[in-house]
Amino acid sequence: MKSSAVNSRISQPAKTVEKSTVSHENSFVQLGPYSLVDLAYQGGLIEQGVPEHSTLVKAYRIGQMSATLLVERAVQMKLLPTATLSNSAYLTAVETSFLLHC
């Protein structure tokens, strides 16, 4: 009788644990400006509508992509804290990084 109780426990599906949607500013991995642009160039932000490779370069050159927009998309993906949007030094460095890729 004990073995049937054990078997019924084993056959029950495992409970799933939902991922927490709460994030803390300290839990972000800080991407440097060049790394962010490089990530976008390599296609790492496609899910957020950021083009890759030469399409990203073209979008930047014609004004469809900017440092602010790229940082906004990275914030949406929880790659950067929201405070990065108001960090003018970071945004300027992203612009410079765009120029290096273009």
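Which exposed residues does the face of H3 turned away from its buried side carry? Keep that one in mind, and I'll answer it once we reach the helix.

Hi everyone. First, some ground rules. What you see above is a predicted model, with local features needing pLDDT of at least 70, side-chain atom pairs counting only at pLDDT 80 or more, and totals for chains, interfaces and linings using all residues. Residues are numbered from 1 along each chain as its sequence is written, and side-chain values use heavy atoms, with hydrogens and water left out.

Let's start with the whole chain. The secondary structure comes to five helices and zero strands, and along the sequence the pattern reads α-α-α-α-α. Helices here are DSSP runs of H or I with at least four residues, strands are runs of E with at least two, and both are numbered from the N terminus. Of the 102 residues in the chain, 28% are buried. Buried means under 20% relative accessible area, exposed means over 50%, and partly exposed is in between, using a 1.4 Å probe and protein chains only. Now for contacts, meaning heavy atoms within 4.5 Å. Among contacts between residues at least 6 apart in sequence, 60% join residues at least 24 apart.

Now back to H3. Its buried residues are Leu 56, Val 57, Ala 59 and Tyr 60. They span an arc of only 160° around the axis, so they sit on the same side of H3. The arc is taken from the directions that run from the helix axis to the C-beta atoms. And here is the answer to my opening question: the face turned away from that buried side carries the exposed residues Ser 54, Lys 58 and Arg 61. Why can a helix have sides like this? An α-helix has 3.6 residues a turn, so residues three or four places apart point the same way. The cover over the buried residues of H3 includes H2 and H5.

His 53 has a positive phi of about 50°, although it is not a glycine, and at 35% relative accessibility it is partly exposed. Just after H3, Gly 63 takes a positive phi of about 85°.

Next, please find H4. Its buried residues are Ala 67, Leu 70, Val 71, Ala 74 and Val 75. Their arc is only 140° around the axis, which places them on the same side of H4. Once again, what covers the buried residues includes H2 and H5.

How do the axes of H4 and H5 cross? They come within 9 Å and cross at roughly 110°. Axes are lines fitted to C-alpha atoms, for helices over the stretch in contact, and angles run from 0 to 180 degrees between N-to-C directions. So H4 is roughly perpendicular to H5. For the cut-offs, under 35 degrees is roughly parallel, over 145 roughly antiparallel, 65 to 115 roughly perpendicular, and the rest oblique. On the H4 side, the contact is made by Ala 67, Thr 68, Leu 70 and Val 71, and on the H5 side by Tyr 90, Leu 91, Val 94, Glu 95 and Phe 98. These divide into seven nonpolar, one polar and one charged. Nonpolar covers Ala, Val, Leu, Ile, Met, Phe, Trp, Tyr, Cys and Pro, charged covers Asp, Glu, Lys and Arg, and the others, Gly among them, count as polar.

Now for the loop between these two helices. Just after H4 comes Lys 78, with a positive phi of about 65°. Lys 78 is partly exposed, at a relative accessible area of 48%. Thr 84 lies in the loop between H4 (67-76) and H5 (88-101). Is Thr 84 buried or exposed? With a relative accessible area of 5%, Thr 84 is buried. Leaving aside neighbours within four places in sequence, Thr 84 is in contact with Val 71, Tyr 90 and Leu 91.

One last stop is H5, where we find Ser 97. Ser 97 is buried too, with a relative accessible area of 5%. Not counting residues up to four places away in sequence, Ser 97 touches Pro 33, Tyr 34 and Val 37.
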